[in-house]
Structure formats: structure tokens, C-alpha cells
Amino acid sequence: MFSRKNLLVTVMLVLVIAVLAGCGTAAEAVQVPDREIMVNMDAAMAGQAKGMEGLMTGSVTWTEEEFSSFVTTLLQQNLGGMAPVEGVNAWFEDGNGLVLQVALPGGMTADLAGTIDVNDSNHIQVDLEAASAMGLTAAGSILDVIEGAINRALADDSLGVALNVETAPGEITIGLGQ
């Protein structure tokens, strides 16, 4: 059984290691949107407040800045200096599109693109279309490994039950079940 801290650590470590371990140059690198995201404590606190409110109302909508700030702050607070991840920026697009940029030590990034949805078991899942880091890209079976690791971590029942996920440029809405 994973605690939320262990879940976050597991997802990030598997993501970074898998992206860096099985990369090639054949596929195209992930294109990160040009919308600026300012990660800051005020946005993280607003994201936390919206999350708590969402638990009571059954739905939560986060902006890219709130979501990215909240996730980055959770990483920093729970992992401290032990984190191989310095921050996470998340961009949301129409059609449940998702682009993640994971900041790594030394100014490097790991970028992921795909879609986010809810599976038949009412857990959030991702369907990755591309991943890249340091000019190298992941494709085929290594991309499947990254996606599988993320989806196994998201399938943890302690995260609750999601009924639906909808994205629009700049925001994500998650409907929650009891």
C-alpha cells in the first residue's frame, strides 16, 4: 500500500529513469506550449484550497499555474533535497490533452505529452504519445513502460475515485466520486 508521499516519489523516479534509460533520436521531441507558468506559493495554496473544496463538492477545477504550483510544492515538502525532480509544469489542452515538463537538476527537463482520462475502474489514467529528455525521445515499448508506471501509481485507491476528467486550454476539471 502506497502513501501519497511514496506514490509521488515512485511516479517521479520511474518517470525520470524510464525516460532517460530508453531514449533514442528517431521520434520527434515533445513540443511544450508557450504559455508561461509561474510556480509560486500563493498559487499552490489556492490549488490546495480548491482541492479540499473539490472533496466536498465533488468537482475541482485547477488552472495550470495552480496545478503546477501545488504538485511542485508537494514534491518539495515531501522529498526535500532527496528529490531528483525540481518542479513540474503542466499544460492542459482541448480534448483532454496534457503536456508535462519535469525540471531535473542541472537545468535539464523531461517532457511528456498525451491525454488524460478516467478508465473503467474510475481511476485517472494517461495515454502518452511522446516523451523526451535532453534531446532524446522515447517511443514504442519504453514509452509503454513509462505510461504503465504512471497509470499503476494513479490506480491507487487511496487517491479516491474519479468520475470524469475534462481539460480546456489552461485548466483541468476532475469530477470526484465518494
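Two strands pair if DSSP finds at least two bridges between them. Helices (H or I, at least four residues) and strands (E, at least two) are DSSP runs, numbered from the N terminus. The model is predicted: local features need pLDDT of at least 70, side-chain atom pairs count only at pLDDT 80 or more, and totals for chains, interfaces and linings use all residues. Residues are numbered from 1 along each chain as its sequence is written, and side-chain values use heavy atoms, without hydrogens and water.

**View 1. An open sheet of 5 strands, ordered E2-E3-E4-E5-E6.** Its pairing is antiparallel. Strand E2 (87–93) and strand E6 (136–138) form the edges; each has a single partner strand, so one side of each lacks a neighbour in the sheet. Neighbouring strands are turned by 25° against each other on average, direction ignored. Axes here are lines fitted to C-alpha atoms (for helices, over the stretch in contact), and angles run from 0 to 180 degrees between N-to-C directions.

**View 2. Strands E4 and E5, with helix H4.** E4 (residues 109–118) pairs with E5 (residues 124–133) over 9 bridges, in the antiparallel sense. Gly114 has Leu128 of E5 as its bridge partner. Helix H4 (residues 141–154) packs on the sheet and touches E4, E5 and E6. Contact means heavy atoms within 4.5 Å. The direction of H4 makes about 145° with that of E5.

**View 3. An open sheet of 3 strands, ordered E1-E8-E7.** Its pairing is also antiparallel. Strand E1 (59–63) and strand E7 (161–168) are the edge strands, and each pairs on one side only. On average, neighbouring strands are turned by 15° against each other, direction ignored.
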